[in-house]
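Let us walk through a protein model together.

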Amino acid sequence: MAEEILSVRGLHVYYGASHALQGVDISLGDGIHAVLGRNGMGKTTLCNAIMGLVPVTSGSIRFTGIDITGLPTNKIASLGIGYTPQGRRLWPSLSVDEHLRLCAVKQSPWSVERIYDTFPRLAERNNNSGAQLSGGEQQMLAIARALLPGPRLLIMDEPTEGLAPIIVEQVIELLRKIGSSGEVSVLLVEQNLRVATSVAEDVSIMVNGRISTILPAAQLSTDRVLQEQLLGVGVHAHDAAAEAQPSTLDAMPLEELPAELSVPRNDYTPPPRWSRNQWEKDSTVAPKPERQSPALGGAVIVAGTFDTKAQELTFLRDRLIGQGLPVKTVDLSTSGKASSADIPPHHVAAFHPRGTVAVMTNDRGTSVAAMAEAFAAWTQKASGIRGMISAGGSGGTALTTPAMRTLPIGLPKLMISTVASGDVSEYVGPSDIMMMYSVTDVEGIHRISARILANGADAIAGAVRFGNSNPFPVSTNKPAVGLTMFGVTTPAVQAIIAKLTDRYECLTFHATGTGGQSMEKLVDSGMLAGALDISTTEICDMMMGGVMAATNDRLGAFIRTKAPYLGSVGALDMVNWRAPETVPEKYRDRLLYEHNPHVTLMRTTAEENERVGGWIAERLNQMAGPMRFLLPLQGVSDLDRVGKPFDDPGARTVLFDTIRKQFQPDSNRKLIEVDCHINDPAFATTAAAQFAEIAG
């Protein structure tokens with residue numbers, strides 16, 4: 001080795017009580033050196049330790065002979081080390097060119113112009129913000145940003161993660177150019193085995209916080225058996241759901257490996273990642289079983305961040321146990337600290353689609369978002385949950401409530417939160433989460449917090465204990481159906497209910513944005529036998545930015561479940577805003593109607609109706625179950641009739657013509673035109689009869 005660019009000796013790093021790096025030794029000269037290993041082995045921690053982003057307990061890190069151990073990150077970077085972290089971490093509001101100009105350095109061999117020559121795609125997208133780039137473009141920009149200061153060493157953590165195959169090939173080619181230029185040495189942390197062995201001269205295998213083996217990349221790339229033993233692929237595969245035990249050969253030096261492991265397999269192409277799915281395709285090795293759903297035996301879940309809220313969450317647990325209820329605690333911490341909960345963080349994180357590594361990123365924002373996604377997936381897989389309670393601030397609330405929303409309507413769920421006295425729609429959504437204001441911050445047990453927490457625990461205990469009792473005073477065997485209603489379609493819905501009530505239990509949902517979502521959640525859960533979706537107005541708000549907006553999944557439950565669906569165009573003549581002064585400037589010259597001091601309605605135009613009609617027709621065409629869609633030709637709301645403020649035959653005709661043109665009828669799917677107003681008795685008669693036909 002002509003020059004030792006990087007020398008790491010005896011490196012130890014802890015996260016609380018967790019010993020992440022355990023005496024790591026690694027050296028790098030010119031060219032590219034790859035570090036390989038399964039998830040959670042310490043690869044990202046090694047990168048962060050070199051860059052000064054995590055404290056080093058003991059050991060040394062030297063760069064071009066300079067001891068950089070313990071130096072601040074900005075000083076390390078100024079010495080000539082570039083870093084492209086996992087997750088890219090771009091500024092979403094800055095354009096590509098602003099990113100590059102911000103990082104450009106005089107006298108660096110890498111100018112902005114050279115970057116554009118190297119990455120033509122960035123030149124094409126130079127005015128786009130970081131948030132507007134594709135994953136591959138973001139990775140190009142992250143690499144370019146690290147190259148601009150002219151580093152002598154470039155550390156790259158998972159540069160091909162989540163990229164399309166064609167973009168991966170571009171990254172491989174770029175790495176080869178960088179490695180052969182002699183300008184920059186590269187320490188490459190990668191899970192893509194093919195990428196690592198294609199560009200690196202040699203590789204280090206990391207197992208449980210140690211470098212167990214260093215060997216030529218060419219040798220590892222052709223020997224499948226060696227890959228199985230050193231990396232845990234194949235029968236030793238480690239996936240996001242189950243902890244694999246390292247082979248006894250993992251820590252064995254190369255020269256001590258059994259002779260049969262050193263025989264090259266030149267006819268073998270390594271898999272891109274050591275994942276079970278890839279090995280199902282590329283080998284006959286039996287895959288590991290699916291991760292097991294947690295069986296909780298009818299327990300109440302106490303969930304939250306035990307690294308910061310252990311005292312409060314334990315108080316809830318003990319209060320519930322005192323009520324005679326079985327309890328399981330679930331830790332949603334992302335700090336890496338040791339956990340005392342029944343279900344520790346890494347067990348929950350394993351349920352993220354990309355595994356634990358996607359959650360434990362050392363970046364609080366991305367970690368919290370990923371843990372929330374993982375906990376929601378964990379909750380959906382779990383069996384035997386009788387209720388769920390949590391306590392926390394805005395972060396803890398954002399962590400826990402997505403999982404609560406996945407639970408069935410009616411199953412008790414309670415969030416004690418510092419944000420519960422404000423707008424909680426983003427936390428509750430279409431679910432029945434009980435929000436309790438904590439009054440004081442959720443920080444310690446005192447005379448106020450103890451009372452609030454006890455009330456919350458007692459409330460969830462009562463709901464759980466009496467959950468099997470029938471709260472409905474009159475028993476009924478009628479199937480339940482949902483109806484969407486708005487103020488301007490109330491006469492229609494009330495008349496329909498009068499015609500159905502002898503056969504169905506009718507549940508109305510106010511079309512205020514969450515109303516449609518709530519109805520569809522019940523359809524997804526099998527609690528409704530069908531729906532009469534008379535008031536689809538939330539779609540207008542979704543498309544025009546109104547305050548009572550549906551989500552893009554509107555009508556999705558009927559596509560998924562094939563439940564009987566009767567829909568109509570109720571109140572598609574309007575978009576909802578709050579007080580008049582809240583109407584966006586671009587809409588101030590439109591036809592506005594002050595429904596009350598807090599609600600302002602805006603008449604939709606012909607162009608807007610064309611867009612709405614096309615969106616609805618596209619969704620209706622995906623429904624394979626029995627469905628009817630009704631067009632009331634003389635008006636779609638109480639304001640859309642002759643002499644009323646929103647009477648606009650032209651806009652109405654465009655809406656109907658667009659649906660007619662794009663709707664694809666078949667034996668199950670029919671478009672019904674009714675020559676009356678939506679609130680006329682004839683419409684209710686037709687709607688009830690058509691629903692009876694499809695629902696039986």
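Predicted model: local features only at pLDDT ≥ 70, side-chain atom pairs only at ≥ 80, totals over all residues.

Residues are numbered from 1 along each chain as its sequence is written, and side-chain values use heavy atoms, leaving out hydrogens and water.

Where does Ser333 lie? It sits in the loop between strand β12 (327-331) and helix α13 (345-349). Helices (H or I, at least four residues) and strands (E, at least two) are DSSP runs, numbered from the N terminus.

The side chain of Ser333 makes a polar contact with the side chain of Asp307, at 3.0 Å. A polar contact is a pair of N or O atoms within 3.5 Å; within protein, one must be able to donate a hydrogen and the other to accept it, and residues adjacent in sequence count only if both atoms are side-chain atoms. A polar atom of the Ser333 side chain also lies 3.2 Å from the backbone nitrogen of Phe306.

Now the sheet. Six strands form an open sheet in the order β6-β7-β8-β3-β9-β10, with mixed pairing. Two strands pair if DSSP finds at least two bridges between them. β6 (81-84) and β10 (210-216) stand at the edges with a single partner strand each, so one side of each has no neighbour in the sheet.

β6 pairs with β7 (residues 153-157) in the parallel sense, over four bridges. Here Tyr83 stands opposite Ile155 in β7.
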